[in-house]
Structure formats: structure tokens, C-alpha cells
Amino acid sequence: MRRIRVRLQYLIRRARKLRPGNLVEFARTVQGVSKAPLPVIILDMLWCSVKYDMAFRDYAVWDIRLLNARERATWMTHPKSFRITKMYNTAEGRAKLEDKRRFAREYADLLGRETIDLRDVDDAELAAFLSRHSKVLAKPNEGHGGGGIDLHEVTAQTDAASFRAAVTAKGQSVVDEFIVQHPDMSALYPDAVNTVRLITFLDTTTDSVHLLAAVLRIGNGDVIDNFASGGMFTMLDDEGVAMYPGVDKNSNVYREHPATGTPIVGFPVPMYDRVLDLAAALARRTPEAPYVGWDIALTPAGPVVIEGNHNSSVFQPKPSASGVRTGLLPVYQAAVGF
């Protein structure tokens, strides 16, 4: 009954927020892979929304128009992901991950990077922190998708008190060392920290960590690799090697990165075994939120933790880019049991 109630609540919210303009926009995106008339696509999108519990963006990104009914039924969707989050991730778990101050404290031994909260240090401690890093990131204590983050160059003339006043005025209290990524990751795209997202589900009864999806996220024209900010993604195999071309939110497909020319298909994530071990340790540290998407960056010294997302997006191979016509729903069902 709880699952049915969560789904109905989600559908009601979606219906209230439905904007015809968005529907048409996604339908036009679909026309990039389908010759079907726009009204046919829109009707199919609406049908799939009800039949397969599928968001309009899911329909567009996963080329659902190209798939038959049996294939469509295998796709994981954002509404399904939302239900897992609501059913398994507690308020305590969400707070543990969203509050950056708390996150830095509770996962300090796993982060692999230095971070401070201005509310916890005086100007002398802040000055010492700044002296250790030539670049730092200032961000709000709570936030998602890379929003509200500023990069600061630190010089000998940087005054701690003035720095504090400037970032505090912008609602920023968390200051992180700037991550210098592994040369291999930088060769892929140097102007953003390219990350691996590992989506895990912790079976608290057996302490087993299930890897639901492994994703390489790549920047493209922005300082963050977020999909919503123009970045692209591809899926990784069990060894951490990119299996397919990169895809962005507009369904553009990239076999090589347009800025660097580095091939994406076959790109190996360095130290991937350590990335997997780190994600498993993070998951076991978070029984209050069994379903999490972990963002991990690679430095020359090893993997470092960016954040944990209790409401992770869904990532799967794009059929028109990968040739794969089945989604990851069976993987999620086997691990989560929904």
C-alpha cells in the first residue's frame, strides 16, 4: 500500500507541474531519432508516463520511441528512483548527506580531501587553510547540481577576514580545497573535475553493497561535469572502462571529446578498484540512506569523495548511441526488490 501511495503522490505532483511547453520540447528532441509526427510522439510520451511510470525526460533521453513494449518495460525511470528514495532513505539519512558541514565531519576519514566550515574556524585557522591551497571552492552548506559554487585563486595577498566576509555575504560557508585531478582524467577534459558516479544500494540485513550503475561524467564547456550544465556521461564496465560514446542532455553523441579529441569509448578510469572500495565503504557508513549516488573524483594520489546524493539521477545506455535496447530496471529490482 505504501508503494501505491508514493506513486500516486508523485503522479499528482507531476500532473500539477505539467507544462505543455516542456512536453513539446522533449517531443522535438525525440524527433532527432524518430520520424514520427509530433502529435504521435506526444501521445506516446503520455502513454508511457502512465504505463511505465516514466518521466518525459526519460522518454527523450532513453530513445523510448525506438523501442518495443517488451524493451520499454526494462527501463529504470526517475519516478521509480524517486519511490526508492522515499521508501528507503530516511530523513536522518538525507540530512546526513545534504548537510555539507555534517558530511565533512562524519566521512572525514574517507573524503581524501581537505574541507572546512567557516562557522567552525577562526581567521587564523582559515588563513592556515588558505596557505595550503592555491585554489579553493566556496559553496553553500546545502545545495545540489553544482549551484552556488565559486572558485577562488589564493595568493600571498589573500586576507582571511576579507575572504570570509566576501563568501559569507554570498551565503557560502563551506570551503574545499580545489581538486587537482589525475592526468588521465584531465586529458579527457581539463576544465572540469570529471567524476565517477556509483549508484549503490545497501542491503542492511546482509551488509551487502549492490552496485546498480557505474557512470563516467565528463565536463563540456563548464567548470562542472553536471548533466544539466552541458556535461555528458557514459556507462562503465566492471573494470571501469567506458563502454559507449558520451551523451549530453540534448541527446548529442560524442565518440571523442569535442574540446580535447580524447576518445571516450574505451577510456579507462584510473585506480577503479580503489573507487569501488571507496563507494562500498561510504555505503556501509550510511545505513540510514541505503540508496545513494556517490560522486568520486580521481587525483594523482587516489580517489576523493565529492558528495553523496540521496536522490540520484538515473543513468543507462542510450540506445541510439550504444545499440543497447534494454535498461537497468532488472538490476535495480534484483537488488532493491521492488
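The model here is predicted: local features need pLDDT of at least 70 and side-chain atom pairs count only at pLDDT 80 or more, while totals for chains, interfaces and linings use all residues. Residues are numbered from 1 along each chain as its sequence is written, and side-chain values use heavy atoms, with hydrogens and water left out.

**Aromatic rings**

- A search of the whole structure finds 7 aromatic pairs; rings of Phe, Tyr and Trp (its six-membered ring) pair if their centres lie within 6.5 Å, and planes under 30 degrees apart count as stacked, over 60 as edge-to-face and the rest as tilted.
- The pair of Phe233 and Phe315 is edge-to-face, because the ring centres are 5.2 Å apart and the planes stand at 75°.
- Phe233 belongs to strand S7 (residues 232–235), whereas Phe315 sits in the loop between strand S11 (302–309) and helix H14 (319–322), so this pair ties together parts that are 82 residues apart in sequence. Helices (H or I, at least four residues) and strands (E, at least two) are DSSP runs, numbered from the N terminus.
- Phe233 and Phe315 also join Trp62 and Trp75 in a cluster linked by ring pairs.
- Elsewhere, Lys135 lies over the face of Phe178, at 5.1 Å from the ring centre; a charge sits over a ring if NZ of Lys or CZ of Arg is within 6 Å of the ring centre and within 35 degrees of the ring normal.

**Salt bridges across the sequence**

- The structure holds 21 salt bridges, each being a side-chain nitrogen of Lys or Arg within 4 Å of a carboxyl oxygen of Asp or Glu.
- One of them joins Lys318 to Asp63, with the closest N and O atoms 2.8 Å apart.
- Lys318 is in the loop between S11 and H14, and Asp63 is in the loop between helix H4 (56–61) and helix H5 (69–72), so the pair ties together parts that are 255 residues apart in sequence.
- Lys318 counts as buried at 2% relative accessibility, and Asp63 counts as buried at 2% as well.
- Arg325 forms a salt bridge with Glu71, where the closest N and O atoms are 3.0 Å apart.
- Since Arg325 lies in the loop between H14 and helix H15 (329–336) and Glu71 in helix H5, this pair ties together parts that are 254 residues apart in sequence.
- Arg325 is partly exposed at 35% relative accessibility, whereas Glu71 is buried, with a relative accessible area of 8%.

**Salt bridges in a helix and a network**

- Glu106 and Arg102 meet through their side chains in a salt bridge (2.6 Å, N to O).
- Glu106 and Arg102 are 4 residues apart in helix H8 (residues 100–106), so about one helical turn separates them.
- Glu106 is partly exposed, with a relative accessible area of 30%, and Arg102 is partly exposed at 22% relative accessibility.
- Arg102 and Glu106 are linked with Glu92, Lys96 and Glu288 in a network of salt bridges.

**An antiparallel sheet**

- An open sheet is formed by 4 strands in the order S1-S4-S2-S3, with antiparallel pairing; two strands pair if DSSP finds at least two bridges between them.
- Strand S1 (115–117) and strand S3 (150–153) are the edge strands, each pairing on one side only.
- Neighbouring strands of this sheet are turned by 25° against each other on average, direction ignored; the axes are lines fitted to C-alpha atoms, for helices over the stretch in contact, and angles run from 0 to 180 degrees between N-to-C directions.
- S1 and strand S4 (residues 174–177) run antiparallel and are joined by 3 bridges. Ile116 stands opposite Val175 in S4, and the bridge partner of Asp117 in S4 is Val174.
- S2 and S4 pair in the antiparallel sense over 4 bridges, and Val136 stands opposite Glu177 in S4.
- Strand S2 (residues 135–139) and S3 also pair in the antiparallel sense over 4 bridges; in S3, Val136 has His152 as its bridge partner.

Technical notes:
Buried < 20%, exposed > 50% of the residue type's maximum accessible area, 1.4 Å probe, protein only.
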